[in-house]
Amino acid sequence: AIFCPEHGFRGEAEAGATITNAVDSKTGLPIISLYGKNKKPTIEQLHGIDMLVFDIQDVGARFYTYISTLHYVMEAVAENGLTLVVLDRPNPNGFYVDGPVLEPQYKSFVGMHPVPIVHGMTIGELAKLFNEEFKIGCDLKVIEMKGWTHDLYMDETTAPWINPSPNMPTLDTAIVYTGTGNFEGMNISEGRGTTKPFEFIGAPYVDPHAWANKLNSLGLEGVYFRPMYFTPSFEDYANKLCGGVQVHVTDRDKFSATKVGVAMVYTVKEMYPNNVQLQSYLKLVTGVDYINNMTYTLEQVFTLMDKDAEKFTETRAKYLIYN
């Protein structure tokens, strides 16, 4: 049997779309949804199974739900005396740790674990961490990659880019996503329905030149904000002209997506206080309340994020498989 997470077995379903049980047309195997009536495999669904193989390409963001599915699968495996084999894959954002650590009150399926938004770990390394830190105790076997190290970008490997979800079409998308994913918790288009989701950010009320100038004046490293107009074909502001910016990463080694994401939230809210709405979902994405509430200055938020990342790095080091 095939168990499938959000976005469906072949990665075709849009974010949040319910996945139903089905039969795979290519293989004839039954597809059991883990993003429908239940997110954790049931005893009935596991009947007759001795081993589960987890083979899913992750993006490296805490709020990308494949790692939540991993956690639930590990629990089910442990509870039913099975074995879980994780086939490890590169993390497109595996070269650094960044962002706030999730606070317990904001635990949800888009963030189950007290880790930074950018955890810098592969699926295999995370599975080891989950098993020990959260005392899951499943029979876990990680099939390690050969030749991969944490400082390698996906385009420096032989692994082809295959969309892990419909709006994750390129490595560039994945690199900015850990920051611009914030806009899924706001009344601003995150670029779904365009050719560059999560790179195009804006809304009908935004003056693109004013916002770009404000962002570029902050002097954030490794990024340039290009003023632009775009019209999403679906999702937020479908078929409406939006003003906004394109997030251009000019130096991947210096770019901090989470800091860029927070800076974009702060500046657009300050510029359009009567238009921008920071929804409660933003707290689930960021894992903290102080970004929603704008409790601190940008500099203070960056300091808090850096402290969180530094502290987590110590825990992370215990479970790293690759240099």
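Me: Which residues are linked with K40 in a network of salt bridges?

Reply: Keep in mind that this is a predicted model. A salt bridge needs a side-chain nitrogen of Lys or Arg within 4 Å of a carboxyl oxygen of Asp or Glu. K40 belongs to a network of such bridges, and its partners there are E75 and E79.

Me: How many salt bridges does a search of the whole structure find?

Reply: Happy to give the total. The search covers the whole structure, and the count of salt bridges is 11.

Me: How far apart in sequence are the parts that R10 and D24 tie together?

Reply: R10 and D24 form a salt bridge, with 2.8 Å between the closest N and O atoms. R10 sits in the loop between strand 1 and strand 2, while D24 sits in the loop between strand 2 and strand 3, so the pair joins parts whose separation in sequence is 14 residues.

Me: Which residue forms a salt bridge with K318?

Reply: The closest N and O atoms of this pair are 3.4 Å apart, and the partner of K318 is E133. K318 lies in the segment after helix 7 and E133 in helix 2, so the bridge ties together parts 185 residues apart in sequence.

Me: How many residues of helix 2 are buried?

Reply: Helix 2 spans residues 123–133 and is mostly covered. Among the buried ones are I123, L126, L129 and F130. Out of 11 residues in helix 2, the number buried is 8.

Me: What covers the buried residues of helix 2?

Reply: Several elements take part, including strand 4 (51–54), strand 5 (83–87) and strand 8 (139–143). Helices contribute too, and among them are helix 1 (66–79) and helix 7 (298–317).

Me: Which residue with a positive phi follows helix 2?

Reply: Helix 2 covers residues 123–133. The phi that is positive after helix 2 is near 50 degrees, and the residue is K135.

Me: How far apart are the closest N and O atoms of K141 and D139?

Reply: K141 is partly exposed at 44% relative accessible area, and D139 is partly exposed at 35%. K141 and D139 form a salt bridge, and the distance between their closest N and O atoms is 3.9 Å.

Definitions and conventions. Residues numbered from 1 in each chain as written. Predicted model: local features only at pLDDT ≥ 70, side-chain atom pairs only at ≥ 80, totals over all residues. Heavy atoms only, no water. Buried < 20%, exposed > 50% of the residue type's maximum accessible area, 1.4 Å probe, protein only. Helix = DSSP H or I, 4+ residues; strand = E, 2+ residues; numbered from the N terminus. Contact = heavy atoms within 4.5 Å.
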